[in-house]
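Thanks for coming. I will go through one structure this morning, taking the DNA side and then the contact between the chains.

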2 protein chains.
Amino acid sequence: MNDKRDLDKRKAFILATVVYEYINTAEPVGSVTLTQKYNLGVSSATIRNEMAELEAEGYLVQPHTSAGRVPSDAGYRTYVDRLMQPEALTKDDARRIRDQFRDASRELDDVIEQTTRLLSGLSGNLAIAIAPSRDTHAFKHVQLIWLSPRTSLVVVVTSGGVAAQRVFEWPADVGADDLTRLSNALNSRFGGRVMEEIAPANVDAVCAELNVAAEIRDAVRSVFASARQTGEPEIAAAGAQNLLDQPEFHDLRKLRAILRIVEEQRTLYDLIADELAAENTANADASPHVRIGHELRADELAECSVVTVPYRFGDRAVGMLAILGPRRMPYGRLIALASGTARSLGEHLNDVEIR
Amino acid sequence: MNDKRDLDKRKAFILATVVYEYINTAEPVGSVTLTQKYNLGVSSATIRNEMAELEAEGYLVQPHTSAGRVPSDAGYRTYVDRLMQPEALTKDDARRIRDQFRDASRELDDVIEQTTRLLSGLSGNLAIAIAPSRDTHAFKHVQLIWLSPRTSLVVVVTSGGVAAQRVFEWPADVGADDLTRLSNALNSRFGGRVMEEIAPANVDAVCAELNVAAEIRDAVRSVFASARQTGEPEIAAAGAQNLLDQPEFHDLRKLRAILRIVEEQRTLYDLIADELAAENTANADASPHVRIGHELRADELAECSVVTVPYRFGDRAVGMLAILGPRRMPYGRLIALASGTARSLGEHLNDVEIR
DNA sequence: GCCTGGCACTCCTGTGTGCCGACTGCTAAC
DNA sequence: GTTAGCAGTCGGCACACAGGAGTGCCAGGC
């Protein structure tokens with residue numbers, strides 16, 4: 001199809017310049033503008049010929065006959081993959097990210113939310129974050145606490161700072177010593193594990209060794225289960241009002257479609273989650289991915305692009321950051337921002353949560 | 001000023017009808033429309049005279065010379081206070097509220113968020129909820145857990161399901177028995193209390209009685225403090241995209257102003273929180289309040305109204321629900337929805353959280 | 001004295017027209 | 001292969017104009 005060889009050096013430069021110019025101005029780019037603003041060494045007529053070929057090859061689109069050219073999905077794709085200069089974080093951005101995480105919260109939910117605010121503020125687009133599933137949290141502690149002969153409190157503490165806890169009533173008296181013994185056995189067995197490694201069968205095994213009553217075994221099992229269970233996937237989004245500034249969303253119908261997607265967390269989750277799954281199966285490179293227009297497989301998002309990047313906890317990608325904006329987004333900058341923020345977030349999680 | 005006697009029966013009916021019609025159509029209401037759609041018994045010329053007087057008295061406004069009339073803040077205010085029929089929840093709405101809370105989450109944060117989704121869905125406007133401050137949560141349990149001679153885990157469990165927990169390292173060995181004794185003393189002293197009643201001095205008193213080491217006392221104090229502390233006030237909002245359907249927000253600048261307020265949780269909180277404070281000082285009636293246009297004291301919200309209603313935990317108003325929408329909102333229905341939802345939310349909290 | 005029909009007036013809104021400018025594609029010459 | 005020039009296309013904007021909705025006022029009637 002459109003092989004690299006389709007694009008000689010000059011054509012590639014013209015394509016890159018059209019994309020660059022369109023990203024900055026939001027106006028279709030014409031041949032004269034191009035020769036005036038950029039030093040191309042040839043006349044506008046030559047550019048016109050080249051642009052006509054680029055259109056025939058599918059890289060550019062003309063909104064109407066007497067307008068300039070606008071990049072197509074394929075045009076953006078080529079720009080992102082081959083033509084664009086990778087950008088580094090600016091000093092200022094790096095500082096703001098560092099400042100944010102220096103005094104960030106220790107509560108996972110808050111950190112995730114604050115991260116989306118940071119990223120939307122820096123990027124001027126909509127920022128999204130998927131929080132680590134509870135399954136990936138580190139087990140920290142379980143304690144069966146004697147309240148009265150027939151009632152106990154069972155608490156599970158994980159690295160998420162989230163403690164599943166419930167009070168149980170027993171049919172017969174239970175001694176505080178028994179509870180302590182069971183607590184100790186569970187803690188020594190599960191210490192250092194991640195929650196998803198602790199199956200009901202593991203709990204059963206420990207209980208069986210100590211001859212624990214069936215009610216207590218079931219109680220412990222259920223508390224572990226609810227410490228792992230994650231009703232809704234945790235997802236946060238911020239900066240929807242940034243999209244209003246983009247001329248492509250001045251159309252209310254488009255805007256509404258986007259806002260609906262943002263409020264329906266399920267859709268937002270699906271949009272990004274498959275990248276997370278892929279991240280842990282393939283040899284993970286933790287590099288940012290860009291999906292452009294129809295690549296998102298959602299009609300409402302046909303004029304949008306998404307930059308996604310996983311963040312790590314230990315050696316594993318546990319969550320995703322994403323930036324959603326118009327296709328006409330400054331890819332280089334946003335990729336740098338997303339990567340930098342993901343790295344800092346990962347470091348913060350490792351600093352704060354593992355002890 | 002504009003006393004009740006200003007409005008004879010016919011004028012009041014005309015005002016009510018204009019407001020009602022405008023709420024339904026979003027179009028300025030003219031005298032002919034009024035006579036045609038409503039059985040007024042007089043000609044349009046008479047209505048014109050009355051409407052001119054209502055305008056002079058400040059209840060109506062004319063967008064431009066050749067347009068019909070639109071209610072002013074004062075017009076809406078009079079409508080809400082004196083002219084409107086109170087509405088009951090429709091069977092369908094009542095059922096949907098009931099269904100929602102029947103299988104609602106047991107986690108406070110989730111409940112609050114789900115409630116805003118419910119309320120925005122039912123009302124077709126933006127719904128906001130302030131979660132109960134952690135100070136109002138009931139103390140449930142504290143436990144000092146022996147991990148090793150020199151390290152312990154301190155856990156505080158409250159009705160919010162939120163456990164403050166932290167691991168401490170001691171300068172000298174500490175026995176498991178001492179920790180248990182202190183735990184028991186704290187639990188029996190604080191059982192049945194609300195978090196805000198547990199001051200550092202109370203912790204100190206218990207520790208002093210048991211001759212607890214200063215480091216341990218400080219550790220317990222700090223965990224209690226962070227169990228109470230509430231960095232950001234918890235606030236949730238949902239349904240911003242509903243506002244797009246309202247013709248008054250087709251102006252992008254207005255829309256952006258509103259969205260900015262919604263994303264800045266602080267502003268949103270301030271908007272509603274004073275009502276909550278008032279609720280617990282005066283003799284609380286827990287009835288809905290309506291604030292209209294400039295009564296909101298925010299230029300961006302000059303064309304909006306807010307319905308607020310507190311919800312109760314026990315006998316105390318602990319949080320607020322609010323509906324934000326255009327002034328042209330169906331006040332009767334929204335008041336019924338907000339009240340009904342607040343009542344169900346309160347009942348749910350009492351059912352689930354207190355045991 | 002209140003109500004009403006009629007009428008002149010105001011002003012928004014939608015539509016049609018024509019012009020301007022931006023840009024292209026093509027051709028012929030270099 | 002490149003370029004200048006030119007004709008052709010089309011969107012956007014300003015403008016004028018007609019239509020319509022609604023008002024305020026006045027004179028006459030019950």
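Around DNA strand C there are 19 residues, and those that come nearest are A:Gly30, A:Ser66, B:Val42, B:Thr65 and B:Ser66. Near here means that the C-beta atom, placed from the backbone, lies within 6 Å of the strand. Two or more residues each come from helix H2 (31-37) and helix H3 (44-56) of chain A, and from helix H3 (44-56) of chain B. H3(A) gives the largest share of this surface, 4 residues. Helices are DSSP runs of H or I with at least four residues, strands are runs of E with at least two, and both are numbered from the N terminus. By class, the surface near DNA strand C has 7 nonpolar, 10 polar and 2 charged residues. Nonpolar is Ala, Val, Leu, Ile, Met, Phe, Trp, Tyr, Cys and Pro; charged is Asp, Glu, Lys and Arg; the others, Gly among them, are polar.

A caution: this is a predicted model, where local features need pLDDT of at least 70 and side-chain atom pairs count only at pLDDT 80 or more, while totals for chains, interfaces and linings use all residues. Residues are numbered from 1 along each chain as its sequence is written, and chains are lettered from A and ligands numbered from 1 in the order in which they are written.

Now the protein contact. It takes 24 residues from chain B and 23 residues from chain A, counting two residues as in contact if their C-beta atoms, placed from the backbone, lie within 7 Å. On the side of chain B that touches chain A, H10(B) gives the most, 6 residues.
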